[in-house]
Amino acid sequence: MSSCFDVGAACRKRRRGGENVFKFKSFGENGCPVEFDGSFRENVKALLEYGHLENNLCNGMLSWSFQLEVHRHPPFHILLFVVEEPIEASINLHCKHCQYVGWGHHMICNKKYHFLLPSKDTVVSCFNCDEINDNDPNPEKGKLNLVELQGHIMHGVFHSNGFGHLLCVNGMEMGSDLAGYQIMEFWDRLCTGLQARKVSLNDTSKKRGMELRLLYGVAYGHPWFGRWGYKFGRGCYGVNQPIYQKAIEAIQGMPLCLLNHHLSISYNDISIIFSRYQALSDNSMVTLGDLFHFMLELLSRLPKENSIDSCNRAILVETNCRWSTKRVEAATRVIVEALKRAEFRWVSRQEVRDTARAYIGDTGLLDFVLKSLGNHIVGNYLVRRCLNPVTKVLEYCLEDISTVFPNSEAIVLNNSKVKPKCKITKAQLMKDISYLYKHILKEQKPTLSIGVFSAIPMAARIILDTKFLVKEYTEELSMKVKPGLNGKFHLLCTVIMRNNEEINDEGLKKPVPPYERVSLKEDATFDDLKQEVERNFRQVYWRLRRFVVESMVNLSAKGSDLVMGSVEIGQKIVFLGRNEDQTGMMNEVMIYESGPNSGRIVDCPCGAKDDDGERLISCDICEVWQHTRCARIPNNEEIPHVFLCKQCEEKIVFMPSLP
């Protein structure tokens, strides 16, 4: 693998004496490169002390770089850049990602921290910028804003309150030398080490044209990012968590026997694919979820040579078996012949047993073979066994797999060393997954639009409409009052404002989320606590830069009293305060992440009440917003110049005409 670091002379110039090189596989763990024992902001500050301060990368914003060694032989290094974006330098004051995921009520923070793994092309561009001529009369013109570039291997951003967003992950399919799972493991270590609060992402991941949130949802019950603990955060088009879960269960539970019966008429390969992987499985696969789960698990276990020699063994006679190999083989042939006469329909166990008894008098032998024969290959046939979901009776069926594995060796029903071989390549497996994804999950025939199958397109649409995922890295329960290091302990505190526009009947407003962890010495007083609260919230939030604590809302104590011993374990403290400078008070648009959209009224027929990032259109009469998709305006069409919602349109139709 070529080194991302050795991309040209410009990159070689960057090697500076004494600059640290860190292990990519352990970077972000506690102790690599620093012990993470403080709040999120403190941990970021401690990390940046080990970085190399960069110039000319982000239009004057502070930035640091870390050299990370992926492996030594052959040499492979990548660069991690951390960019500190103060609110004064932000192009966009408000965060649309916070708004879409449901954090629009958060106050705007003073700073953002961007963590970037740039692509090879971006690395070259960065080092070309190092060669800007000092005599250039307009040096800012040549500077590169790394944050605004697209196509990074990874780009994540944190607000100074510890809430963050993973903006992009581009693995090998996008030209990276790192696989997607390696990037995610790196990001997950960073978030855990820095003690981030919550992190969101917009899951648009694809592989060979397949939406992974749909494919993995059917196979595992969660999206691909669920491997790292990311769960349902917020759905688009009114989708909530219960609806999302029911959609997954609906597709997962689709019976393969019914799908095979209805689809094999239109798609001959469906039956072949079902039989192929049933033959490879050690267990009976009953539902569509079972099949996709097995296929993806098989894909993950393929060796590097991209193929496996695997197939279900037929009945192997145990050494202590009381029947000889010949008798077992004879009974097996009789049972298979009985199933052949059934013309490949499902037959109850008792019916098969009764038919076979005409040739095999030993019922114990028949019971042994029937018990062992389920989902095994005998010659060119696969003997399938399944419990009838209606009658609760065990049934058997025979499938001809001569066209599935035409080159496979015959199955030998004994305990010799001869093993069946059915070679499955990775390419064939991916082809089969893509085929099933296309014809069952995405491009359904009219045969899937009736009866129980009508749930598939609807459930698939719901899963695809669930893109915003969230992981909670630092739970508030783990941040409660507890001893810390160096004789310190931690408290959870938040504030409410006493400002004219926020006073209600009680003179108070809902506390500002989220709670912040405040560190204190063991001998600290409540006066010390108030000062720490002021300092913390001034550092975090833009609007609270001149915040002053007036009193505690839910606790009565003197300023000289010791905090330790006066606060119960797990208690959260709320402080009432104000801004010292009341002139030029900022309105709500300038305070919260939702920004100008905070006053927008969304009331869509799908049930959505907030802007979820999908295209919206406003009624020209009532000015209420709804999705263009829900208004039946295709995404490839422009928004009409005049639009009336259904309610306003009906009012106009029934409005009495003027004389």
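**Figure 1. Lys471 and its partner Asp188 in the predicted model.** Lys471 is buried, with 15% relative accessible area. The model shown here and in the other views is predicted. Lys471 forms a salt bridge with Asp188, and the closest N and O atoms are 2.9 Å apart. Asp188 belongs to helix H5 (residues 180-194) and Lys471 to strand E18 (residues 468-472), so the contact ties together parts 283 residues apart in sequence. Asp188 also counts as buried, at 16% relative accessibility.

**Figure 2. The salt bridge of Lys467 and Glu614.** The two side chains meet at 2.7 Å, N to O. Lys467 sits in the loop between helix H15 (455-464) and E18. Glu614 sits in the loop between strand E23 (572-579) and strand E24 (616-618). The pair therefore ties together parts that are 147 residues apart in sequence. Lys467 has 17% relative accessibility and counts as buried. Glu614 counts as buried too, at 19%.

**Figure 3. A salt-bridge network of Lys23, Glu69 and Arg72.** Salt bridges link these three residues in a network. Within it, the side chains of Glu69 and Arg72 meet at 3.6 Å, N to O. Glu69 is buried, with a relative accessibility of 10%. Side chains of opposite charge can pair when their charged atoms come close.

Figure 4. Strand E14 (residues 376-378) pairs with strand E15 (residues 381-387) in the antiparallel sense, over three bridges. Across this pairing, His376 stands opposite Val383 in E15. Two residues lie between the strands of the E14 and E15 hairpin, where Gly379 takes a positive phi near 65 degrees. On to the next pairing: E15 and strand E16 (residues 394-400) run antiparallel and are joined by seven bridges. Here Arg384 stands opposite Cys397 in E16. The hairpin of E15 and E16 has six residues between its strands. In that hairpin, Lys392 takes a positive phi near 60 degrees.

**Figure 5. Aromatic pairs, including Trp224 with Trp228.** A search of the whole structure finds 17 aromatic pairs. One of them is formed by Trp224 and Trp228, edge-to-face, with 4.9 Å centre to centre and 65 degrees between the planes. Trp224 is buried, at 10% relative accessible area. Trp228 is buried as well, at 9%. In a further pair, the rings of Phe232 and Tyr244 have centres 5.6 Å apart and planes at 35 degrees, so this pair is tilted. The pair links distant parts of the chain, with Phe232 in strand E11 (residues 231-234) and Tyr244 in helix H7 (residues 241-252), 12 residues apart. Tyr244 counts as buried, at 6% relative accessibility.

**Figure 6. An aromatic cluster of five Phe residues.** Phe22, Phe24, Phe27, Phe66 and Phe186 form one cluster. Phe186 falls within the residue range of helix H5, the helix that also holds Asp188 of Figure 1.

**Figure 7. Charges over aromatic rings.** Lys572 lies over the face of Tyr515, at 4.8 Å from the ring centre. In a second contact, the charged end of Arg600 sits over the ring of Trp625, 4.0 Å from its centre.

Conventions: Residues numbered from 1 in each chain as written. Predicted model: local features only at pLDDT ≥ 70, side-chain atom pairs only at ≥ 80, totals over all residues. Heavy atoms only, no water. Pairing = 2+ DSSP bridges. Helix = DSSP H or I, 4+ residues; strand = E, 2+ residues; numbered from the N terminus. Salt bridge = Lys/Arg side-chain N within 4 Å of Asp/Glu carboxyl O. Buried < 20%, exposed > 50% of the residue type's maximum accessible area, 1.4 Å probe, protein only. Phe/Tyr/Trp six-rings, centres within 6.5 Å; stacked < 30°, edge-to-face > 60°. Lys NZ or Arg CZ within 6 Å of the ring centre and 35° of its normal.
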